[in-house]
Amino acid sequence: MSDGYFLGVDVGSASVRAGLYSAQGDRLSFATRPISQFHASNARVEQSSAEIWQQVCAVVREAVDSSGIASEAIRSVGFDATCSLVALDANGNGLSVSPDGPPTQDIIMWMDHRAQAETAQINATRDPALRYVGGEVSIEMELPKLLWLQHHHPETWNKAWRFFDLADFLVWKATGQDVASLCTLTCKWNYLAHEARFSDTLLRAVGLENLLTKIPEHILDVADCAGTLSPQAAHALGLSEGVIVASGMIDAHAGGVALTGSQPEGTLALISGTSNCHMLASQKEIHTPGVWGPYWSAMLPGYWLTEGGQSAAGALVDWTLREHGASAELLAKAKAAQRHPVALINDWVTALEQEEKYPTRNLHILADHHGNRSPRSRPDARGSVVGLTLETGERALARLYLATLQAIAYGTRHIIDTLTHQGHTLSRIVICGGATHNPLWLREYADATGCDIHLLAEEDAVTLGAAICGAVASGAWPTLTDATRVMVKTGEVIPRRPETAAFHQQKYAAYLALWTQHQALNQLMQQEM
């Protein structure tokens, strides 16, 4: 049995979290701080690397201080982050990523959809490298963002010393080492890990030939040692300089390590958050149109990774609750009762279900409000609601909320069906993230997909996954499999309810029909007037 303590730092879309774990995977402390998003338009979303690093230092100090563990006993730190793009000049200072933004706004967020034309330009090349992203590059990946900067903000493009994925920026900030991660480059930069190269033909075809001079040459495998903390970073984090820093991980992939590491084959990892990510490891190279990958060794060494996703999950639930006419009533009653609004509206759904067995029988939602990441690969897709009435108040909001939860679950089912059709085998779903705090949503995931939903004992699997990567990088465990078998403990299982299968089969068919109807409407409106 190994010993020591391991930090995991997770930078999500809206907050930074740090957890300190023992060698047995027990969480000793946890801290969280918010981070800002700057919405320049409906399509442009930016962040500040300086603010994020400041909050990283704050949560690490808080987590260590509250744990009662001496900082000298901490062996490693693992960083994960959203797949957002950071631009730095030759002095390591941030560069503005929009012509009308300050230098402090030096991150294009993953959810930013400004690069629609650039995405189309890249996909028009039909380069063979695109086979490893499901046939088409996503607007949420880095090459479209980089091409947008070259086209629309050449000053930043020309001044840039380094473009980092956010997780790799954190590793550089912590160690001073100019390195990148196999995880980030393979999954978001079109790096061909199985051939250890970028596609020269793809980069030349779109005019990004000199990109390779603006990113690190040295690429680290998952859970590799990037180095130790620099004196400046050690002081800022309140840790010793001997702390090992692991190679960076995308946040969902760190969660995937914890969820699948001990049983890779057949385990679908569902990382639930602002968006949803669906991770499936396989020893076979299986290509699935509209689904990212297969990526070689990008999450678990020695396995191909297939990655599905939904661009809006928790964000869609939040939007539904915020924009409805009964939103103010929900928030006021939750505050008066000192309860979370989701807990209260779940009670409203329970009351509605006591009157109606299936309250959403005639209310259907297509959950593509922020595009369809998988399996349709359509960032221009739009959501819809069919079956509205003049119903108002609590009942109307509860009904719409339940239909939204179901719609997101049907989107996950659509991804699962697409994967199995291509030859993947799924034996279980393991979930982490925001949905695990919502028992109603977990029930709907189980019923809508027809699969039992497995949880971990540790509620923040992403932070634990980052800590596990750090533990392996420090030599505490020889492999991720060895580490996860000890540090990850199973939790509750939410069983599917067979008696609801027929209803959800009908609802799922309606969900798929909404897409067809939506495309027919689009075609109608594209006709010349």
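Colleague: Where is Ala398 placed?
Modeller: Ala398 sits in helix α13; helices here are DSSP runs of H or I with at least four residues, strands are E runs of at least two, and both are numbered from the N terminus. The model is predicted, so local features need pLDDT of at least 70 and side-chain atom pairs pLDDT 80 or more, while totals for chains, interfaces and linings use all residues. Residues are numbered from 1 along each chain as its sequence is written, and side-chain values use heavy atoms, without hydrogens or water.

Colleague: Is Ala398 buried or exposed?
Modeller: Buried, with a relative accessible area of 1%. Buried means under 20%, exposed over 50%, and partly exposed in between, using a 1.4 Å probe and protein chains only.

Colleague: What does Ala398 touch?
Modeller: Not counting residues up to four places away in sequence, Ala398 touches Ile345, Trp348, Val349 and Leu352. Contact means heavy atoms within 4.5 Å.

Colleague: Which residues of α12 are buried?
Modeller: Val342, Leu344, Ile345, Asn346, Trp348, Val349 and Leu352. Their cover includes α10 (314-323), α11 (327-337), α13 (393-421) and α14 (439-449).

Colleague: How far apart are the end C-alpha atoms of α12?
Modeller: They are 22 Å apart, which agrees with the 21 Å that its 15 residues (341-355) should span at 1.5 Å a residue. The expected span is 1.5 Å times one less than the number of residues.

Colleague: Now the surface. Which residues make the nonpolar patch of about 350 Å²?
Modeller: Leu521, Leu524 and Met525. Patch residues have over 30% relative accessible area and no salt bridge; like charges are joined within 9 Å, and nonpolar side chains (Val, Leu, Ile, Met, Phe, Trp, Tyr) within 5 Å. Areas come from the Shrake-Rupley method with a 1.4 Å probe, and for residues only the protein chains shown count as cover.

Colleague: Which helix is Met525 in?
Modeller: Met525 is in helix α17 (residues 501-525), and Met525 is exposed, at 66% relative accessible area.

Definitions and conventions
Salt bridge = Lys/Arg side-chain N within 4 Å of Asp/Glu carboxyl O.
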